[in-house]
Amino acid sequence: MMSDARVPLEHQQPYGTAYEQMLEKVRYEGAYPTREKADETVRLVLAGLGRQLTGDERADLAARLPVEAARVLTAQIPDTQPLTGWAFVKDLAARTGASLATTRWDTGTVFSVVAAHAGPDLITRILGQLPSGYALLFGRAELASAA
């Protein structure tokens with residue numbers, strides 16, 4: 001669990017109910033052994049997404065997420081060169097030292113829960129902003145235009 005080591009666990013602020021529910025959904029769908037692992041995964045993936053999203057889509061997504069998740073997303077400075085979906089997974093794996101398969105699983109799990117909070121219209125807008133490869137991570141088909 002990512003916590004402030006200077007504050008004893010019993011004195012840390014509890015999460016809000018909406019974030020607790022989000023963590024439980026991620027824990028269940030991702031088959032994580034603990035809530036702490038689910039929390040770590042959510043924070044990692046949302047931080048990565050926060051480095052990719054800009055503009056109205058970023059603000060609208062933050063408004064629909066629990067406040068703790070929104071803070072993680074919006075605390076990131078967007079990269080000047082957005083990553084493709086596969087590069088996003090590789091970047092997260094490099095940051096954590098996890099395998100590509102594990103990182104892909106983590107990303108898909110968190111993105112599926114984020115999509116439920118965002119709704120289909122906002123996810124469509126987000127996918128329109130991001131480079132190719134994110135649709136599959138959000139559990140959607142990757143449609144290519146005819147050349």
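Contact here means heavy atoms within 4.5 Å. Among contacts in the protein chain between residues at least 6 apart in sequence, 62% join residues at least 24 apart. The model is a predicted one, in which local features need pLDDT of at least 70 and side-chain atom pairs count only at pLDDT 80 or more, while totals for chains, interfaces and linings use all residues. Residues are numbered from 1 along each chain as its sequence is written, and side-chain values use heavy atoms, with hydrogens and water left out.

**Overall architecture**

- The protein chain has 8 helices and 0 strands; helices (H or I, at least four residues) and strands (E, at least two) are DSSP runs, numbered from the N terminus.
- The order of elements from the N terminus is α-α-α-α-α-α-α-α.
- Of the 147 residues of the chain, 39% count as buried, where buried means under 20% relative accessible area, exposed over 50% and partly exposed in between (1.4 Å probe, protein chains only).

**Nonpolar core**

- The largest nonpolar core holds 38 residues, of which Met22, Leu46, Leu61 and Leu65 touch the most other members; such a core is a set of buried Ala, Val, Leu, Ile, Met, Phe, Trp, Tyr and Cys residues joined through side-chain atoms within 4.5 Å.
- At least two residues of this core come from each of α1 (17-30), α2, α3, α4 (67-74), α5 (85-96), α6 (100-118), α7 (120-129) and α8 (134-137).
- Helix α2 provides the largest share of this core, 7 residues.
- Beyond residues up to four places away in sequence, Met22 touches Val42, Leu46, Leu65, Pro66, Ala69, Val113, Val114 and His117.

**Packing of α2 against α6**

- The axes of α2 and α6 are 9 Å apart and cross at an angle of about 80°; axes are lines fitted to C-alpha atoms, for helices over the stretch in contact, and angles run from 0 to 180 degrees between N-to-C directions.
- Helix α2 is therefore roughly perpendicular to α6, since angles of 65 to 115 degrees count as roughly perpendicular, under 35 as roughly parallel, over 145 as roughly antiparallel and the rest as oblique.
- Thr41, Val42, Val45, Leu46 and Leu49 in α2 meet Asp106, Thr107, Val110, Phe111 and Val114 in α6.
- By class, this contact has 7 nonpolar, 2 polar and 1 charged residues; Ala, Val, Leu, Ile, Met, Phe, Trp, Tyr, Cys and Pro count as nonpolar, Asp, Glu, Lys and Arg as charged, and the others, Gly among them, as polar.

**Individual helix residues**

- Asp39 lies in helix α2 (residues 35-50) and counts as buried at 1% relative accessibility.
- The side chain of Asp39 makes a polar contact with the side chain of Tyr19 (2.5 Å); a polar contact is a pair of N or O atoms within 3.5 Å, and within protein one must be able to donate a hydrogen and the other to accept it, with residues adjacent in sequence counting only if both atoms are side-chain atoms.
- Ala62, in helix α3 (residues 55-64), is buried with a relative accessible area of 13%.
- Apart from residues up to four places away in sequence, Ala62 touches Ala70, Leu73 and Thr74.
- Val89 is placed in helix α5 and is buried at 1% relative accessibility.
- Val89 touches Leu100, Thr103, Arg104, Thr107 and Leu137, residues up to four places away in sequence not being counted.
- Val89 and Thr107 are 18 residues apart in sequence and 7.3 Å apart in space, C-alpha to C-alpha.

**The loop between α7 and α8**

- Pro131 is in the loop between α7 and α8 and counts as partly exposed at 23% relative accessibility.
- Leaving aside neighbours within four places in sequence, Pro131 is in contact with Pro82, Leu83 and Thr84.
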